[in-house]
Amino acid sequence: MNKNETNQWIANYRTDQPHFGLERMVELLALRGNPHLKLKVIHIGGTNGKGSTIAFLKNILGKMGLRVGVFSSPYLIHYTDQIAINEESIPEARLEALMVDYRSLLEGEHAHDLQGTTEFEIITAIAYDYFASEQVDVAIMEVGMGGLLDSTNVCQPILTGITTIGLDHVALLGDSLEAIAEQKAGIIKQGVPLVTGNIVPEGLAVINQIAKAKEAPRLVYGEDYQVSHHESVETGEIFDYSSPLRQGRFQTGLLGLHQIENAGMAIALLDTFCKEDGRELASNNIVAQALEETSWPGRFEVVCREPLMILDGAHNPHAIKALVATLQERFADYHKEILFTCIKTKALEDMLDLLGTLPDTELTLTHFDDGRATDEKVLKKVAYSRNLNYQSWQEFLDQKMTENEEKKTVRIVTGSLYFLSQVRAYLMERKN
């Protein structure tokens, strides 16, 4: 199979509704010799903050000289970026070869047992397979959705982490913070240490109860490790970190007050991993350098300074709150022009209510070409009912990139990581 054929083949397994359950994954990986059980895995779940926490953590582990595999979703630049070792995406030829192997399983004598397998399950299995064959020192696996029945949850991790709990995918995970926390806590394993981020009390209570029942040692944000914001600078956030194992002042390479929580959790995960794996703790110098050099596409990413344009994958109310807080802190005296859209399963009205709290803001809704996207008619109707602008995103970008500004202005494109992947590619092509 060539690249186009593999993309077309795996696209046949895409579904709007995940087929929750681990039976197919267990069967599929068993046919490949159980690569997931040959790896040291750090398993990261949570509603928001997973991507940034993983970005910080992988950078520090890489600076320590480790081969670090990372599986993340969705991709923002290239399909292959979901599976990477030390910043190097899986080569296309290797991915295509693995897809050929998996196609033969899914269409061969075991096809009946593997019926209902999804695109995400195949990609997850390929990630485990690739990392095992490359003998990485550690694989960081990001949960796709939920936790308990997510396809990544077949591993036997050395360490788990849950970043945040918020209302997201309520139709699939439950309509309360407690119900969602129970799904996220499904990644907790018997006796395996758990690090938690800044989690709301009702979610943390559920997680703590499940961790206690599984005798999983816990490191809790605000109790076992602390972070405090010191100063915002142009290139990131300066913060103080404190735990029984480490104290220091660090700077993030990512913008936004919430990033100090993600960076703090990454340090707690790092130090716990080193203890569990019998390694010396990384020095504060290594940690500082790695945090400051961390970048993560689509997370409050400044893609252009003149005119000022930012991409941020705030795709649920919890993430929109963080975006609003960062804009109010960093751009209080700017006129704000926001381009927003989201996928069908998201709380559209709730997110628009939150964005509506920003002063001196012009909000434009748009639609993007993806089967998961909210219907264009729905978006136009909502725009009309709320007296908001509606415009094609390409027109919006072309106009804003050439428009003369009468006052200090910041443009923010947000609402869906799937959308941002298209926007980013368009802007990069335009830039080139």
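A residue is called buried when its relative accessible area is under 20%, exposed when that area is over 50%, and partly exposed in between, with a 1.4 Å probe and protein chains only. The structure is a predicted model, in which local features need pLDDT of at least 70 and side-chain atom pairs count only at pLDDT 80 or more, while totals for chains, interfaces and linings use all residues. Residues are numbered from 1 along each chain as its sequence is written, and side-chain values use heavy atoms, with hydrogens and water left out.

Both Tyr221 and Tyr225 are buried. Rings of Phe, Tyr and Trp (its six-membered ring) are taken to pair if their centres lie within 6.5 Å, and planes under 30 degrees apart count as stacked, over 60 as edge-to-face and the rest as tilted. The structure holds 11 aromatic pairs, among them the edge-to-face pair of Tyr221 and Tyr225, with 5.8 Å centre to centre and 80° between the planes. Phe331 and Tyr334 also form an edge-to-face pair, at 5.0 Å centre to centre and 90° between the planes, and Phe331 is buried with a relative accessible area of 9%.

One aromatic cluster is made up of Phe368, Trp393, Phe419 and Tyr426. A charge is said to sit over a ring if NZ of Lys or CZ of Arg is within 6 Å of the ring centre and within 35 degrees of the ring normal; the charged end of Arg372 sits in this way over the ring of Tyr418, 3.8 Å from its centre.
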